[in-house]
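Here are my notes for you to read with the model open. Take them one at a time and find each spot on screen before moving on.

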Amino acid sequence: MRNRDSAPSVRPSLPPWWLEEALEAEAPPPEAPRLEGDAEADVAIVGGGYTGLWTALALKERDPSVRVAVLEAEICGWGPSGRNGGFLNGYWTHLHRLREVVSDEDALAVARSASRAIASVRTFCEERNEDVWLREGGYLKVSAAPAQDAAVERSVHAARELGVEEEAVPLTAEEVAEHCRSPRFRSGVFFRDGATVQPARLARALRRAALVSGVALHERTRVAALRGGAPNVLETPSGKLRADEVVVATNAAATGWPPLARRLTNFGSYVVLTEPVPDLLVEIGWTGGEAITDGRMFIHYFRTTPDGRVLMGSGSGPIGHGGRVDTRFIGDTATGARAELGLRRLLPALGDVRVTHSWGGPIDVSVDHFPFFGTLPGTRVHYGVGYSGHGVGPSWLGGQILASLALGRDDEWAASPLVRMPQAALPPEPLKWLGGGAIRAAILACEEAEEVADRPPVAARAVAAVPRLLRMPLGTR
Ligand SMILES: Cc1cc2nc3c(=O)[nH]c(=O)nc-3n(C[C@H](O)[C@H](O)[C@H](O)COP(=O)(O)OP(=O)(O)OC[C@H]3O[C@@H](n4cnc5c(N)ncnc54)[C@H](O)[C@@H]3O)c2cc1C
């Protein structure tokens, strides 16, 4: 077994295994043409990840005559939508946090609407004969250290208080073992609203569906400037697109966009993927396809694949600076090592399995860890960002909301609490980076000490408590 300071077996690098697998399944994968010259659309969407593509599809479903264009800087699926952990779930897992920022009624409304994501992905795939490796095995949050017991209890308590106890079922250590056996797991909570997908296959399937529905897709087309007006003008190195409505769906890149820069910061999330070990999964009883996380703030998230690989992720990557999406989000070996350490520690039965791949990506973290959607005042420029590392399911909801905003509809989606939620501002740079970095390091030190039953250093505990003292949920545990 590797120790805490060891280097990862595999250095994080791109492309992620998911995207390679998905592109191979499509062979040969044709790229959509770059935007050349002048063009027009009714709605221009910047970003061809899940948010942009679900929005495009929702627009076309509601009004096939709307001219929709998607401008994607790379290829669809290159961003986090093609390299995430593939946990597909809504907000029952976050009910206690939701209650900290909105009324109970709104918390239930958000959780109920987001819980439609799994069925929507299922229907989307069935209707188009797409295979995104959807596995509806539920979501299990486990406590893997005494300090994590409270995270499990909070989830159970919130569901009970709101009369939806069936959405968060408490499990003893023995009951957790029926899903996945590990000497580390002390207790758990099971959410039936949980599934896994092959994330890049989902992104590519959405891309195919968008093309079939008549969306004008331009890949390798980075928007360099957005000039607001009627119409808005999107400038790219090789062309200009005029559009009455613009939807900004650029995820972590939006942190560098002045209108949202004070409401977002970026953190890195990294994963390791093992060789196929189906026999070991049988041995530890992890054959139900459950998506599992531990109870840390910088969570470990782990799931299996149909051929018996295990993906283990760590949301403890570096904080970004000035909204730049740079190499700290793709090549941070320390976070790759933490993900691997998590694998060996949380699942000791897999102590000797070979890690074959590792990669990372940025996550767009909002102050309260929930995505927010809206329209820039006095414009027809809409945005949807802030998933905070949990956007696979919520981006489906985001697509419905953004389509309603772009169509000017006054419906259940436009009225979502995620459009109305109050948003605190983060400090400007470099304070955001310095403060966020210090708090991140302190929380990481506390959580690593707690994991091995050490008492966290006093200084780390003091700094880790700052966000809660400031009533800022960013980085609170
Ligand atoms: C390692 C990792 C693991 C994760 N695991 C999970 C998980 O298991 N479950 C979960 O729910 N969430 C997870 N997430 C988060 C999830 O991947 C994201 O929330 C989700 O993919 C967001 O989708 P999106 O379309 O908003 O963003 P993206 O997928 O980032 O798409 C945005 C697109 O915009 C493009 N773009 C950016 N700037 C421009 C520009 N100027 N012009 C044109 N295009 C531009 C980018 O190239 C990109 O393709 C994880 C993230 C990471 C990094």
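1. Start with β4 (residues 139-143) and β6, which run antiparallel and are joined by five bridges. Two strands count as paired if DSSP finds at least two bridges between them, and the strands themselves are DSSP runs (E, at least two residues), just as helices are runs of H or I with at least four residues, all numbered from the N terminus. Look for tyrosine 139, whose bridge partner in β6 is phenylalanine 191. On to β5 (residues 169-172): this strand is antiparallel to β6 as well, with four bridges, and valine 169 stands opposite phenylalanine 190.

2. A word on what you're looking at. This is a predicted model, where local features need pLDDT of at least 70 and side-chain atom pairs count only at pLDDT 80 or more, while totals for chains, interfaces and linings use all residues. Residues are numbered from 1 along each chain as its sequence is written.

3. How much of β6 (residues 187-191) is buried? Five of its five residues are. Here "buried" means that 20 or more other C-beta atoms lie within 10 Å of a residue's own, "exposed" means 12 or fewer, and "partly exposed" is in between, with C-beta atoms placed from the backbone. Ser187, Val189 and Phe191 point one way from the strand, Gly188 and Phe190 the other way, and all are buried.

4. Now hop to β18 (residues 381-385), where again five of five residues are buried. Val381, Tyr383 and Val385 cover one side, with His382 and Gly384 on the other. This strand pairs with β11 (residues 239-248) in the parallel sense, over three bridges, and valine 248 has tyrosine 383 as its bridge partner. The hairpin of β17 and β18 has five residues between the strands, and glycine 378 in it takes a positive phi near 75 degrees.

5. Which residues other than glycine have a positive phi? Tryptophan 133 is one, with phi near 60 degrees. Its place is in the loop between α5 (117-128) and β4, and it counts as buried because 20 other C-beta atoms lie within 10 Å. Histidine 369 is another, with phi near 70 degrees. You'll find histidine 369 in the loop between β16 and β17, buried because it has 21 C-beta neighbours inside 10 Å.

6. Check the cis peptide bonds too. The bond from leucine 14 to proline 15 is cis, with omega near 0 degrees, and proline 15 sits in the segment before α1 (17-26). The bond from alanine 230 to proline 231 is also cis, with omega near 5 degrees. Proline 231 lies in the loop between β9 (225-227) and β10 (232-236), and is only partly exposed because 18 other C-beta atoms lie within 10 Å. Leaving aside residues up to four places away in sequence, proline 231 touches Arg242, Ala243 and Asp244; "touching", or contact, means C-beta atoms, placed from the backbone, within 7 Å.

7. Next, the ligand. Of the 41 residues around it, Gly47, Gly49, Gly85, Gly361 and Gly391 come nearest; a residue belongs here if its C-beta atom, placed from the backbone, lies within 6 Å. Which strand gives the largest share of this shell? That is β16, with four residues.

8. For the overall layout, the domain assignment gives domain 1 (17-420) and domain 2 (431-469), with bounds that come from an automatic or database assignment. Their centres, taken over C-alpha atoms, are 26 Å apart. The contact takes 10 residues from domain 1 and 11 residues from domain 2.

9. Last, confidence. The chain averages a pLDDT of 94, and 95% of the residues score at least 70; pLDDT is the predictor's confidence in each residue, from 0 to 100. Residues 1-5 stay under 50, and the model has six contacts for them beyond four places in sequence. Where pLDDT is low, the predicted coordinates should not be read in detail.

Methods:
Contact = placed C-beta atoms within 7 Å.
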